[in-house]
Amino acid sequence: MNWGTMSRAERDAAYDNVGAVKNSAELNTARAAGSAAFRAAHPEHLDLRYGPRERNTWDLFPAKDPKAPCLVFIHGGYWQRNSKDQFANLIAGPYAHGWAGALPGYTLAPDATLTEITAEITAALDWLAANGPSHGIAGPIVLSGWSAGGHLTAMCLGHASVVAGLAISGIFELGPMRETSLNDKMRLTDEEIAVLSPLRLPMVNKPLAIAYGTAELPPLVSDSRDLHAMRAAAHLPGPLLPVPGANHFTIVHELRDADGLLTQQALLLTEPLRSPRQY
């Protein structure tokens with residue numbers, strides 16, 4: 001896309017996932033209802049505080065085996081909408097396979113800058129590494145997230161407690177967002193665009209699966225493909241996963257469902273830890 005020749009309205013439309021998916025409101029409502037039911041069925045470790053701000057809390061869903069892998073899922077909403085409790089059922093797929101799950105909350109823009117939001121996810125992972133075992137979560141952590149959460153997954157992949165990542169429909173280059181209405185609340189600085197765009201940063205040598213729906217808007221498709229291409233050029237592990245026919249809101253069904261494509265990929269990310277090859 002030639003961002004330099006586009007009007008503000010065209011730039012806004014390029015990132016308008018709600019406008020591009022006509023039934024997005026119904027899909028969001030269904031996901032929130034499913035998440036409320038999942039939380040109600042597993043209420044033992046909800047809203048555990050990891051930091052001082054209102055949204056600095058965890059929802060934890062330990063597995064029967066404390067040493068089972070844990071999928072940490074970061075919610076999306078362009079860093080300025082939604083909350084962790086609306087996404088709890090997206091860990092249901094791995095959970096059905098004996099994994100633990102965990103969802104961190106974070107402060108939304110404009111109450112926090114993207115620099116602060118990224119630091120909150122790092123602080124949340126620090127807390128989980130130190131306190132997870134007391135809540136039955138002591139296994140390897142696979143970091144995942146959708147949309148803005150996909151960006152935060154790529155940014156925090158290097159955390160010492162994370163063994164692999166699954167970034168879903170992420171935004172990995174922030175530059176084009178500077179001249180969109182999304183930036184009214186984000187107020188991105190030149191420095192933030194430079195140091196918080198995963199496509200501009202050194203690649204992390206850990207497995208990172210990168211997924212996008214083939215019916216998604218072009219910037220999300222191209223960002224995913226570009227990040228994978230950079231990682232592949234550096235011989236770093238992790239597949240590119242185009243999910244056939246999925247849009248920005250239906251792609252997460254592949255993580256919600258026990259037999260979903262993204263659930264199966266998450267399971268594969270820890271396979272080397274469970275069954276190391278013998279040479």
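I take helices as DSSP runs of H or I with at least four residues, and strands as E runs of at least two, numbered from the N terminus.

**Entry: ground rules.** I am reading a predicted model, where local features need pLDDT of at least 70, side-chain atom pairs count only at pLDDT 80 or more, and totals for chains, interfaces and linings use all residues. Residues are numbered from 1 along each chain as its sequence is written, and side-chain values use heavy atoms, with hydrogens and water left out.

**Entry: second largest pocket.** I looked up its volume and found about 160 Å³. Its lining has 14 residues, and Ala154, Met155, Pro198, Pro202 and Val204 are the closest to its centre. A pocket here is an open set of points on a 1 Å grid over the protein atoms alone, where a 1.4 Å probe fits, with protein on both sides within 12 Å along at least five of seven lines; lining residues have an atom within 4 Å of a point. A volume is the space filled by probe spheres set on the points, joined across faces, edges and corners.

Which helix gives the most to this lining? I found α6, with three residues. Both α6 (148–156) and α9 (218–233) supply at least two. By class I noted eleven nonpolar, two polar and one charged. Ala, Val, Leu, Ile, Met, Phe, Trp, Tyr, Cys and Pro count as nonpolar, Asp, Glu, Lys and Arg as charged, and the others, Gly among them, as polar.

**Entry: largest pocket.** I read about 280 Å³ for this one. Of its 21 lining residues, Asn17, Val18, Tyr78, Arg81 and Phe249 are the closest to the centre. Two or more lining residues come from each of α1 (8–14), α2 (17–20) and α3 (24–41). The largest share, three residues, is from α3. I noted eight nonpolar, nine polar and four charged residues in this lining.
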